[in-house]
Amino acid sequence: MLYETVELLYAYVNGIPAGSLTENGPYCLPVDAVQSIMERACEDVSRDDPAVRYYFGRYLFSQEPERATCIARNLAYNIMDVSAGTIAGDCEQLRRARQQQLLFNRDRCTAIDEYRLLYMENCDGGFVPLAQDIAKLGLGAEYSQMLLEQFSGYDRAIERLEAMLTPVAAKLEPLLQPWAEQAQPLAEAWRAYYLQPDFEEKWKKRVRFSEAQKPLKTIRIQLRYLHPKAGPGTLSEGAQVAFLHTGVAVPVEQRETDSFEPWEFQALRLLGSEARMRMLRAMLDKPMSARELTQMLDLHLGVVGRDIGNLFNAKLLTIEVVNGRSRYRTNVESLSILAKHLTQLEKFELF
């Protein structure tokens, strides 16, 4: 319920239409159902409450492509895990995971996407102030300060967020329950998909990830009803357990379509930048981190981090983990698909 409640409040506070929270599909909620759920679950929430606006107010961090986030998302998606069953349990998991993150000091914040701060390994192993990493993200001064305040006092921030989420989640859960029951065949289809002998290769292809050392042991999936085309997830320490919050509009089997996919349009926009093309060229030869790209190409770390996030979301990058360290590599398969579709333009329906 943690992520669903955050998404519902984010839409409600910012006046985002109910239709933006769903899609067409056999397991997707109808627009009128989403509207009714939003009105009933958020009826006691004031959009004018300064605390509510602080945590859920929309911050636009990228114009092209247009991408936005909020403090509540950044906190809740910081480290994703299977739900503990209650908002209180989920928030406690967040606090424990953040403590482990700080204890080992292995990762540094290098980018931000719609949901969370993105981390890469701390190559030099030395201490780097959080303020220094946030300052390099290329965000506005006000939002940077908000991030610094909340992540510096993460436990207290999660406590405040929990207080806002709990009453809304209590109303939202029974409203979503009938749709969860309806989606049980989809849950079983996903289970069967990943129980196949080649499940690890299927998973790696879907999420554009490869692990050179340790094999994947477990994949955990929970269905997502709001923003059902999304599938944010995480990989555990050692790259042996994966969690995916998979939208109910995400097809189990991916097939080539007779039209350009949304990721292809996004990729074409991103390819119109000399700097991003240089990055893709550099990552053809070997997997690289944001910091390595910054040093090699003499670019700003915040810009590189943001571009990496955009390129990955557009399926132009894969993630490789070698000796426990994450790197990005150019996704040649996606480039081949894009080139093929461009040369066969006459077969596609574009309008």
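Which elements each supply at least two residues of the lining of the second largest pocket? In this predicted model, they are α1 (2–13), α5 (87–104), α8 (154–182), α9 (184–194) and β6 (218–224).

**View 1. Elements and volume of the second largest pocket.** The second largest pocket, which has a volume of about 550 Å³, takes at least two lining residues from each of the helices α1, α5, α8 and α9, and likewise from the strand β6.

**View 2. Residues around the centre of the second largest pocket.** Of the 26 residues that line the second largest pocket, Met-1, Ser-83, Gln-222, Leu-223 and Tyr-225 lie nearest its centre. Sorted by class, the lining of this pocket comprises 13 nonpolar, seven polar and six charged residues.

**View 3. The largest cavity and its lining.** One cavity of 30 Å³ or more is found when the whole structure is searched, and the space in the largest cavity amounts to about 40 Å³. Its lining is made up of Thr-110, Ala-111, Leu-118, Tyr-119, Met-120, Ala-290, Gly-305, Ile-308 and Tyr-328. Two or more of these lining residues come from each of β3 (107–112), β4 (117–121) and α14 (301–313).

**View 4. β4 and the classes of residue at the largest cavity.** With three residues, β4 gives the most to the lining of the largest cavity. The lining of the largest cavity divides into seven nonpolar and two polar residues, with no charged residue among them, whereas the lining of the second largest pocket includes six charged residues.

Note on methods
Residues numbered from 1 in each chain as written. Predicted model: local features only at pLDDT ≥ 70, side-chain atom pairs only at ≥ 80, totals over all residues. Heavy atoms only, no water. 1 Å grid on protein atoms, 1.4 Å probe; cavity = no way out; pocket = protein on both sides within 12 Å on 5 of 7 lines; lining within 4 Å. Points joined across faces, edges and corners; volume = space filled by probe spheres on them. Helix = DSSP H or I, 4+ residues; strand = E, 2+ residues; numbered from the N terminus. Nonpolar A, V, L, I, M, F, W, Y, C, P; charged D, E, K, R; others polar.
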